[in-house]
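Have a look at the model first, then read on.

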Amino acid sequence: MRRLKVFKSLVMDSLDTITHGSKRYHIWMAALTFIMLVGMYCYTIQLDQGLSVTGMTDRVSWGLYISNFTFLVGVAAAAVMLVLPTYILKDIDFKQAVLIGEGLAVAALIMCLAFVIADMGGPSVLWHMIPGIGVFNFPSSMLTWDVLVLNGYLFINITIPFYILFRHYQGKEAKSNVYIPGAFLSVFWAVGIHLVTAFLYQGLQARPFWNNALLGPRFLASAFAAGPALIILVLAIIRTYTAFKVEDKTIKKIAMVVTVAAQINLIMLVSELFKEFYAPTHHSESAYYLFFGLHGKDALLPWIWTAIPLNVLATVLLTFHKLRNNFKVLFFSCFILFIAIWIEKGFGLIVPGFIPGPYGKIAEYLPTKIEVGVTLGIWALGAFVFTILAKTAIGIELGKLRYKKKK
């Protein structure tokens, strides 16, 4: 009964916190709300007219939605790079950042589920993916495993921070024997969600572009580069516009994680390019289409040749210790690395897997305005959710939100 009262008090205090703030905060939330409304309008058009309003076809059936889904699974998995040193290795330098990282993971997973709903055409078909009701094909279907691990990881990333914040809200310390087992589980689960997503593509024999033994490890390397890079950018914004203190050494340690992951990701990219182009076969046609165009078709060239230089530049800047310790250079490097990996795991991976088709037909894909609108709306939703979570968590951690016992 007492816990219920505390929970109700937490909800009311959180609502009060997220509805009050500076002028800059209200402008930010209003802008996100406007973008979400635009996304909802675009989605209503898609619901009314079907997926024909998108750039996807029978030949290229995964586009912008699944590209963002794949990328965001990696962003969500990257929270483990803060969970591991904080909860398990007891590195206090990561302590300020871990709740922010887990908040990003929750927002990313919500966006993942939203992109899946958008790609399926509408929420009315989701019952197909409910165990016992739909055709779940467990355990043979890799998509089934993907659904299970994503929802499981979402549950873990909601419950652990909630428990810690709930205890802090009451002015108590969180009991390590309660949350540490979940933290251990989340480490393995985070690796699992991205490996299962990679296996989902690797297991499609008719798509030779994805039949690559390095796909799983490269998914992890790119995730542990892009995810922490985003966390660094978010921490920079938080410590600039809030009273929440984030030490320089915390950001520098996360930057080291980004650097190593970016270097490994680049090495794996070079290895893949060598395999595709040194002794090419007809299975290399997707890679040729992506990097050089094929039979006069070259819609993806601007995308990939933007991503590769950005990736190389970011990795080089991060590699040099003096440049990495300059925060202006660090933030710029993290930003362009995030963009580069977003392109690589979308237009550089998902789309070319369908081109050319099994019979050699080249059907190009570019997203329509409706797809872009829905996508921006979902990203705005993720930013909205994260802002709410972060504002509440920061209020609790700073001691501004505390449970007041009624006499």
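In the largest pocket, α14 gives the most to the lining, with 13 residues. The model is predicted, so local features need pLDDT of at least 70, side-chain atom pairs count only at pLDDT 80 or more, and totals for chains, interfaces and linings use all residues. Residues are numbered from 1 along each chain as its sequence is written, and side-chain values use heavy atoms, with hydrogens and water left out.

**The largest pocket**
- This pocket holds about 1500 Å³ of space, and W28, I237, A383, F386 and T387 are the closest to its centre among the 46 residues that line it.
- Two or more lining residues come from each of α2 (23-49), α3 (64-77), α5 (95-119), α8, α13 and α14; helices are DSSP runs of H or I with at least four residues, numbered from the N terminus.
- The lining has 35 nonpolar, eight polar and three charged residues (nonpolar: Ala, Val, Leu, Ile, Met, Phe, Trp, Tyr, Cys and Pro; charged: Asp, Glu, Lys and Arg; polar: the others, Gly among them).
- On a 1 Å grid over the protein atoms alone, a pocket is an open set with protein on both sides within 12 Å along at least five of seven lines, a cavity is a set of points where a 1.4 Å probe fits but cannot get out, and lining residues have an atom within 4 Å of a point.

**The cavity**
- There is one cavity of 30 Å³ or more, and the largest cavity has a volume of about 310 Å³.
- Its lining counts 22 residues, with F209, R218, E272, G348 and L349 nearest the centre.
- The elements giving two or more residues to this lining are α8 (215-241), α9 (248-277), α10 (285-292), α11 (301-319) and α13 (327-344).
- The largest share, six residues, comes from α9.
- By class, the cavity lining divides into twelve nonpolar, four polar and six charged residues.

**Helices α6 and α14**
- The axes of α6 (residues 142-169) and α14 (residues 369-397) come within 9 Å and cross at roughly 40°.

**F244**
- F244 sits in the loop between α8 and α9 and is buried, with a relative accessible area of 10% (buried means under 20%, with a 1.4 Å probe and protein chains only).
- F244 and F277 are 33 residues apart along the chain, and their C-alpha atoms are separated by 50 Å.

Conventions:
Points joined across faces, edges and corners; volume = space filled by probe spheres on them. Buried < 20%, exposed > 50% of the residue type's maximum accessible area, 1.4 Å probe, protein only. Axes fitted to C-alpha atoms, helices over the stretch in contact; angles between N-to-C directions.
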